[in-house]
Amino acid sequence: MAVIRSATLAASRDRTRVGPRTAVARLAARWAGATARSLHGGSGTVIGGRVLMALAPQAPSRLSHHRVVTLVSGTNGKTTTTALTVAALGAPAGSNRDGANTAAGIAGALASCDLPRMVLEVDEGWLPWAVEVTQPRSVVLTNLTRDQLSRHHEVSGIASAWRRALAGVPVVVANADDPAVVWAALAARHQVWVSAGERWTADSLVCPACGGACRRTADSWACQACPLRRPEPDWCLDGDAVVGRLGRVRLHLALPGDFNRGNAALALAVAQVTDAVAPEAGAVRLAEVPSVSGRYERARVGEHDVRLMLAKNPAGWLELLDLLAGGDHPVVLLFNAEGVDGRDPSWLYDVSFASLRGRDVRVQGRRATDLLVRLRYDGVAAQAVPGRLAAALATLPVGPVDVIGNYTAFRSALAELHGG
């Protein structure tokens with residue numbers, strides 16, 4: 001009842017600002033979201049968003065008009081970068097950090113929050129829609145690579161759609177190390193370039209502007225047939241520090257890996273550019289983020305110290321396997337091919353798992369056999385264990401265990417660690 005009373009008051013205030021139809025739709029969306037949470041758990045964001053758009057299709061646009069909106073998109077790192085951006089701001093900001101990043105999730109986040117500042121994660125395929133609807137002050141772009149092959153276009157197709165959508169956007173904070181991101185971001189009115197890194201380069205061999213060959217050196221890239229080349233970064237990483245035009249800021253992240261330092265650099269850059277947040281103050285707040293929506297979450301399970309991680313495409317697996325390199329404790333790999341994972345698992349053969357040779361490896365998931373075969377080609381001895389994560393852990397010696405899963409497998413393991 002408290003939720004309904006609060007939503008009713010908000011609807012009354014909204015009538016003069018967004019119109020009566022949107023105000024009523026927002027009230028219904030909040031009620032639907034609250035009901036979904038009470039019956040099924042979760043955030044209820046998607047259900048609320050579907051109700052909102054069914055009752056008032058223009059509501060997401062109207063609910064964005066009087067707000068400062070930042071959109072965060074890319075194939076990898078957008079959830080983490082969104083969370084880090086919210087943390088860096090140091091002031092209340094609405095977000096959809098539950099991962100609901102398509103139209104319904106974005107609409108639900110707009111409906112459920114009254115804050116004037118919004119930082120919204122956006123699926124790369126939905127970015128053109130989100131830009132048109134929310135008219136953002138800024139857009140953050142992490143990378144573009146192959147993902148969910150059964151759903152997305154080729155990387156070049158997404159880059160072209162981004163470029164058209166970003167024309168006229170006030171400022172884009174973009175990863176200077178990704179050619180597709182750079183080409184798309186150049187359409188905006190202003191660019192802030194961040195050297196956030198791109199270890200996976202197999203999807204950026206062809207120039208997105210002309211189709212020529214993109215050639216790389218140790219710290220740069222350039223097309224051999226047209227003027228497109230890596231811009232000079234405004235922000236870059238130097239070990240554990242971010243170096244920008246305002247000086248050098250040391251990072252003390254709880255989140256592991258170079259890739260998360262790149263996400264942090266993007267977050268500090270957009271917070272400084274759009275909200276005048278001092279990088280030093282933002283960096284202090286970033287150190288207080290221990291995990292993001294279960295990513296890198298640690299849990300004690302019986303006699304095992306479990307660290308849970310998400311890898312959903314070749315770029316993500318490459319980063320996490322590199323993170324594990326040099327260790328010797330057991331690893332559990334979880335692999336599904338449900339709708340949101342992408343139903344085509346053939347990309348597994350683009351990833352080298354050779355760094356896991358000699359490790360104690362267990363495999364689970366609906367497509368565990370596919371992954372088991374792939375591991376054997378790389379000389380990795382692994383054992384498939386049916387059932388839940390606890391069953392795999394029971395076969396391993398006591399101590400630390402790293403668990404890596406793609407999206408639906410990761411979510412199932414996270415629910416299990418939380419007692420679900």
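**A tour from a helix pair to the nonpolar cores**

Begin by selecting Leu127, Pro128 and Val131 in helix α7, which meet Ala161, Trp162, Ala165 and Leu166 in helix α8; contact means heavy atoms within 4.5 Å. Helices here (H or I, at least four residues) are DSSP runs, numbered from the N terminus, as are strands (E, at least two). By class, this contact has 7 nonpolar, no polar and no charged residues, where Ala, Val, Leu, Ile, Met, Phe, Trp, Tyr, Cys and Pro count as nonpolar, Asp, Glu, Lys and Arg as charged, and the others, Gly among them, as polar.

The model is predicted: local features need pLDDT of at least 70, side-chain atom pairs count only at pLDDT 80 or more, and totals for chains, interfaces and linings use all residues. Residues are numbered from 1 along each chain as its sequence is written, and side-chain values use heavy atoms, with hydrogens and water left out.

Next, select Leu286, Leu333 and Phe353, which touch the most other members of the largest nonpolar core, a set of 58 residues. Such a core joins buried Ala, Val, Leu, Ile, Met, Phe, Trp, Tyr and Cys residues through side-chain atoms within 4.5 Å; buried means under 20% relative accessible area (1.4 Å probe, protein chains only). Helix α10 (residues 258–275) supplies the largest share of this core, 9 residues.

Around Phe353, leaving aside neighbours within four places in sequence, display its contacts Trp317, Leu321, Leu348, Leu371, Arg374, Leu375, Asp378 and Val380.

Then select Ala25, Val122, Ala185 and Leu228, which are among the 47 residues of a second, separate core.

Finally, display the whole protein chain, with its 15 helices and 17 strands. Buried residues make up 55% of its 420 residues.

Notes: Buried < 20%, exposed > 50% of the residue type's maximum accessible area, 1.4 Å probe, protein only.
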